[in-house]
Amino acid sequence: LKEPSGGSLAPVSVDIWKEIVSWISSYPQTDSQVRLSAALGESEQATSIARHLPAEFTFAKAGPSQIRRESEMMGLWNSVRSDLESSVELVAVAYADDDMAHSLKAESILELAARCGLRRILVDTFDKQRGSAIDLWGTRRMRAFARLARKHQLWWSLAGSINLNQVSTLANLFVDSDSCPDCVAVRGDLCDQDRDGSIRRDRLHVWETALGQCTER
């Protein structure tokens with residue numbers, strides 16, 4: 001859950017968090033496979049609202065923008081983790097356009113996350129007008145990042161304005177299990193008109209088919 005009109009990792013309201021939890025729990029057919037993930041915003045906002053996240057959430061993400069020092073990054077993580085319920089796992093976030101976010105490079109955040117005991121990392125884009133993470137990095141850097149993640153045993157997700165035209169690039173990554181992401185996160189390309197719109201079932205089906213073909217190679 002996030003509010004796309006507010007930025008890359010802008011949170012929705014606390015009331016919506018609670019409403020979603022209530023809505024899911026009202027359906028008896030749901031089970032432990034339903035996982036909720038919350039964007040908490042960038043550093044200052046994340047530290048102010050982390051304590052309000054319901055324990056029913058599985059993941060929480062805090063943005064690294066304006067953080068240039070490892071000590072500051074560790075401080076953010078420690079602060080957020082201390083306020084989250086023990087059932088909620090904090091996911092590290094790195095921006096492919098770290099220059100725009102004024103943040104540490106993704107590789108540095110990954111290695112720091114491993115040292116701090118985090119198990120997952122999301123690569124996203126801070127400025128949605130500069131292209132996708134794939135455009136910014138290219139396959140060589142993505143493969144190198146994937147190998148680094150495998151080395152440190154971190155699960156990683158690739159996000160950031162990815163569109164269907166880039167499926168061929170993703171297919172090349174999936175050729176080698178050591179050089180591909182564990183998860184591909186897509187939002188805007190599934191929505192009606194833009195990333196603020198509703199998810200379209202037909203686009204979701206096309207993406208499912210395309211990614212299925214990637215993983216079968």
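Which residue with a positive phi follows α5? It is G117, with phi near 85°. I will come back to α5 after the overall picture.

First, the ground rules. This is a predicted model, in which local features need pLDDT of at least 70 and side-chain atom pairs count only at pLDDT 80 or more, while totals for chains, interfaces and linings use all residues. Residues are numbered from 1 along each chain as its sequence is written, and side-chain values use heavy atoms, with hydrogens and water left out.

Now the fold. The protein has eight helices and six strands; helices here are DSSP runs of H or I with at least four residues, strands are runs of E with at least two, and both are numbered from the N terminus. Starting at the N terminus, the order is α-β-α-β-α-β-α-α-β-α-β-α-β-α. The radius of gyration is 17 Å, close to the 17 Å that the globule rule gives for 217 residues, so the protein is as compact as a globular protein of that length. That radius is taken over C-alpha atoms, and the rule is 2.2 Å times the number of residues to the power 0.38. The C-alpha trace spans about 45 × 40 × 30 Å along its principal axes.

Of the 217 residues, 43% are buried. Buried means under 20% relative accessible area, exposed means over 50%, and partly exposed is in between, with a 1.4 Å probe and protein chains only. Among contacts with a separation of 6 or more, 69% are between residues 24 or more positions apart; a contact means heavy atoms within 4.5 Å. The accessible surface is about 11300 Å², and carbon and sulfur atoms hold 46% of that. Those areas come from the Shrake-Rupley method with a 1.4 Å probe.

On to charges. There are 26 positive and 30 negative ones, and their mean positions are 5 Å apart. Lys and Arg count as positive, Asp and Glu as negative, and His and the chain ends are not counted. Each charge is placed at NZ of Lys, CZ of Arg, CG of Asp or CD of Glu.

The structure holds nine salt bridges, a salt bridge being a side-chain nitrogen of Lys or Arg within 4 Å of a carboxyl oxygen of Asp or Glu.

One is R119 with E89, where the closest N and O atoms are 2.8 Å apart. This pair joins distant parts of the chain, 30 residues apart: R119 is in the loop between α5 (106-115) and β4 (120-124), and E89 is in strand β3 (residues 89-95). R119 is exposed at 52% relative accessible area, whereas E89 is buried at 13%. E89 and R119 also belong to a salt-bridge network with R120.

Another is E107 with R141, again with closest N and O atoms 2.8 Å apart. It too links distant parts of the chain, from E107 in helix α5 to R141 in helix α6 (residues 133-151), 34 residues apart. E107 is partly exposed at 23% relative accessibility, and R141 is partly exposed at 23%.

D98 is buried, with a relative accessible area of 9%, and K105 is partly exposed at 46%.

D97 is buried but has no salt bridge, and the nearest side chain of opposite charge, R130, is 4.6 Å away. Leaving aside residues up to four places away in sequence, D97 touches D124, T125, F126, D127, R130 and L136.

Back to α5, as promised. Its buried residues are A106, I109, L110, L112 and A113. Their cover includes α3 (70-83), β3, β4 and α6.

Finally, backbone angles. Which residues other than glycine have a positive phi? Q66 is one of them, with phi near 70°, and S161 is another, at about 55°. Q66 lies in the loop between β2 (59-63) and α3 and is exposed at 54% relative accessibility. S161 lies in the loop between β5 (155-158) and α7 (167-174) and is partly exposed, with a relative accessible area of 34%.
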